[in-house]
Amino acid sequence: MKILYYSQHVLGMGHFFRTLEICRHLTAHDVVLVVGGNLPENISFPKNIRCVLLPSLMMDSRFSRLTAGDGGKDDLSDIQERRRKMLFETFRQQRPDVFLLELYPFGRKAFRFELDPILEAIVQGELPPCKVCCSVRDILVEKADPVSYENRVIEALNRWFDAVFVHSDPEWISLGETFSRMDDIAIPVRYTGFVAEKPEPDCRMHSRRLQGLEDRDRLVVVSAGGGQVGGELCECAVQAFRYLDAAEGWRGIVFTGPFLEENRFQSIQQLAPPHVKVERFTPSFLNVLCASDISISMAGYNTCMNLLATGVKALVLPFSQNREQGMRAKRFAEKGFVGILSQADLKPDRMAERLLEAERSWPDRAPPPRLDGASETVKCIEAMGRGKGGRSGTPSVN
C-alpha cells in the first residue's frame, strides 16, 4: 500500500517526531513523508521512508506569523507557491492509497493555501482517488473564536476526510475535552493510544555504561524540545548544578534544542560547571533519558511520552502561551508521573531544591496509559486502505 504522510511542525519538533514514530511502524508499506519544517542536520529516516522536504516554513517565537525557514531570505509568497506545486506534483507521482495529514484541519490553518486545494481536487476527481485521514494529538490549543474555528473544522472533516485518528488514551485525555463538537463529526473517530517510542529492555544499564556513570551517580537530563522556547529553563537548570555537588554523584546533560539561537547556546555552555554537558540535540534522546534519574523539561507531547515510556522521575515546565502543555502536565501530575515547575522555580537555588525533593521522594503512580499508538495507527491506516475510492466505502474504525 502507498501512503503519503504530510507533517508540518512550526515551533518545536513534537509533531514531526510523533509522525516519524508512526512511520517506523509502517514497515510493510511504501511511505512517502512530506515535511515542511526545519530539521536537525543529523536526523535519520527509517529505510521504509522516502522523504520529500518542502521549502521550509516555521512560526516565529511568538507563534504569530509564518516565516521562511531559512531565516527570511526568500519571499514568503514565492515559498508558498513552490510548496503548493511540489505537493500537487508529489501526489500525482505517488498516487497514494491513503493520504494522512498530521493535525489538519484541527490545526495548521496557516497552511490552508496548500492543503485545501489538494483536498478539494481529490473530492472533485481531479487527482487520483484515495482515503484521506487526519492524525491528531491528545489536546488542542484554544482559539480566539472557538465557534468559527469548530465550524471550519467540522466542515473540512465532513467534506474531505474519511477518518480521524486521535493519538491519546481516552481514559487519560479525550479529544472532546478541547473540541466541543465531537458529535458533529460524521466520519469515524478512532483513539489509537498515545504514540511513544519504547526503550529496549536493558536500555538503562547499557545507556548508563555509555555515559560512563557509576551506580552512585545521579544523572539529570534537561531538554527543551526544538529550542525556540525553553532557553530560560536550560539556563536555570545549568546554574542549579552549582548547588549540586559533583562529589556526591550529581551529573547533568542539557539538550538545548537544535533551533536555539547560537549566542544563547554558547552562553549556556559557558554557564555550565564541569559536571554538566551542554549539547544541542541527540537522535538517541530516549536512550540518554533511560540512563537518567531525573528529567527536567517542557511538557510537550513527545517529551511526556518519553517520560511515560522510561518511567524516569520528571519535573516539567509547561509552555505558557496556550493551554496544551499545562493541561497535559496537570493530568500527568494527578496520576503521579510528573511534578510541575512554575516561574517561581526558575531560580537556580529553588531548582536545586526541587531536584533534591524529587530524588528523596515521589508520589505513587497510577497504572500507565496505552502507549501502543504507533502500531494501532498502522492498523487503522491498513483498515482504511482496504476500502475502495475516496469518500465512499469507508470502513468503520470506531
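**Close-up 1. Helix α6 and the second largest pocket.** Helix α6 (residues 231–240) gives the most to the lining of the second largest pocket, putting in three residues. This is a predicted model, so local features need pLDDT of at least 70 and side-chain atom pairs count only at pLDDT 80 or more, while totals for chains, interfaces and linings use all residues. Residues are numbered from 1 along each chain as its sequence is written, and side-chain values use heavy atoms, with hydrogens and water left out. The pocket has a volume of about 260 Å³, taken as the space filled by probe spheres set on grid points joined across faces, edges and corners. A pocket here is an open set of points on a 1 Å grid over the protein atoms alone, where a 1.4 Å probe fits, with protein on both sides within 12 Å along at least five of seven lines; lining residues have an atom within 4 Å of a point. There are 17 of them, and V229, G230, G231, E232 and M298 lie nearest the centre. By class, the lining has eight nonpolar, six polar and three charged residues (Ala, Val, Leu, Ile, Met, Phe, Trp, Tyr, Cys and Pro are nonpolar; Asp, Glu, Lys and Arg charged; the others, Gly among them, polar).

Close-up 2. Seven strands line up as β3-β2-β1-β6-β7-β8-β9, with parallel pairing. Strands (E, at least two residues) and helices (H or I, at least four) are DSSP runs numbered from the N terminus, and two strands pair if DSSP finds at least two bridges between them. At the edges sit β3 (49–53) and β9 (189–191), each pairing on one side only. From one strand to the next, the twist averages 20°. Helix α2 (residues 76–94) packs on the sheet, touching β1, β2 (30–35), β3 and β6, and its direction makes about 165° with that of β1. Contact means heavy atoms within 4.5 Å; angles run from 0 to 180 degrees between N-to-C directions, with axes fitted to C-alpha atoms, for helices over the stretch in contact.

**Close-up 3. Strands β1 and β6.** Residues 2–7 (β1) and 98–102 (β6) pair in the parallel sense over four bridges. Y6 has L101 of β6 as its bridge partner.

**Close-up 4. Helix α3 against helix α4.** Residues 112–123 (α3) and 146–160 (α4) pack at about 35°, their axes 10 Å apart. R112, D116, L119, E120 and V123 of α3 meet R152, R159 and W160 of α4. That contact has three nonpolar, no polar and five charged residues.
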